[in-house]
Amino acid sequence: MDRLSIFVKAFKSGDFKKFELFYDLVSPAIFFTIKKYIKDSMNIEDIMQEVMLKFINNIHNVDPKKNIKSYLTTIARNKSIDLLRSKKNLEYDDNHIYQLEIDYDYENKYIWLLDTLDKKKREIVYLRVIEELKFKDIAVIVEEPLNTVLWRYREAMKKLKKELRNNET
């Protein structure tokens, strides 16, 4: 049983003493998931609150045996897309929605490689490499069969290696 599952069991019994610690553990994953879709910091904060409220309000339906971080990032992704869809005056396309923009405190010199991938492969690589999710959890998030996710990931890795080799020469 992982650490997050222990928190969920405590929350189910009404013990929220360690909620702040739980939040500190999961908030980066939630933040970066939302940040992929939403650029405005006020909206990001609002969605983060909505995600946590939905999580707490549905705590009795949360299975502690499942991947809690995956559950939370799925909520974050859906809420972000809902916000984009609700803004009728906002023009956006799939490239905007799936654009990968990661605000690390340090510079990652290889992040540009992700821009060479199509949106589906980019999202799968992001969830696997950056979010460190399991392939079965990624399949749930992207709503595709596990074998398709595995295939897309392998193809993406081949392309990234090729791009890296081409760039080094």
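Are E123 and R77 buried or exposed? Both E123 and R77 are buried, where buried means under 20% relative accessible area, exposed over 50% and partly exposed in between, computed with a 1.4 Å probe on protein chains only. The model is predicted, so local features need pLDDT of at least 70 and side-chain atom pairs count only at pLDDT 80 or more, while totals for chains, interfaces and linings use all residues. Residues are numbered from 1 along each chain as its sequence is written, and side-chain values use heavy atoms, with hydrogens and water left out.

The side chains of E123 and R77 form a salt bridge, with N to O at 3.1 Å; a salt bridge is a side-chain nitrogen of Lys or Arg within 4 Å of a carboxyl oxygen of Asp or Glu. E123 belongs to helix α6 (residues 119-130) and R77 to helix α4, so the pair ties together parts that are 46 residues apart in sequence. Helices here are DSSP runs (H or I, at least four residues), numbered from the N terminus. The structure holds 7 salt bridges.

E144 counts as buried at 16% relative accessibility, whereas K120 is partly exposed with a relative accessible area of 39%. The loop between α7 and α8 also holds E143. Phi of E143 is near 55°, a positive value in a residue other than glycine, and E143 counts as exposed at 65% relative accessibility.

Within helix α8, K158 and E155 are 3 residues apart, which separates them by about one helical turn. The two form a salt bridge, with the closest N and O atoms 3.4 Å apart. K158 is exposed, with a relative accessible area of 54%, and E155 is partly exposed, at 25%. Elsewhere, salt bridges that share partners join K36, R77 and E123 into one network.

The aromatic side chains come next. Rings of Phe, Tyr and Trp (its six-membered ring) pair if their centres lie within 6.5 Å; planes under 30 degrees apart count as stacked, over 60 as edge-to-face and the rest as tilted. By this rule the count is 11 aromatic pairs. The ring centres of F7 and F11 are 6.2 Å apart and the planes are at 35°, so this pair is tilted. F7 and F11 sit 4 residues apart in helix α1 (residues 3-12), about one turn of the helix, and both are buried. Ring pairs link F7, F11, F16, F19, F22, F55 and Y71 into a cluster.

The last feature is a pocket, meaning an open set of points on a 1 Å grid over the protein atoms alone, where a 1.4 Å probe fits, with protein on both sides within 12 Å along at least five of seven lines. The largest pocket contains about 650 Å³ of space, a volume being the space filled by probe spheres set on the points. Its lining has 27 residues, of which N67, I68, K69, S70 and D137 are the closest to the centre; lining residues have an atom within 4 Å of a point. The elements that give two or more residues to this lining are α2 (19-35), α4 (68-86) and α7 (135-142), and α4 gives the most, with 5 residues.
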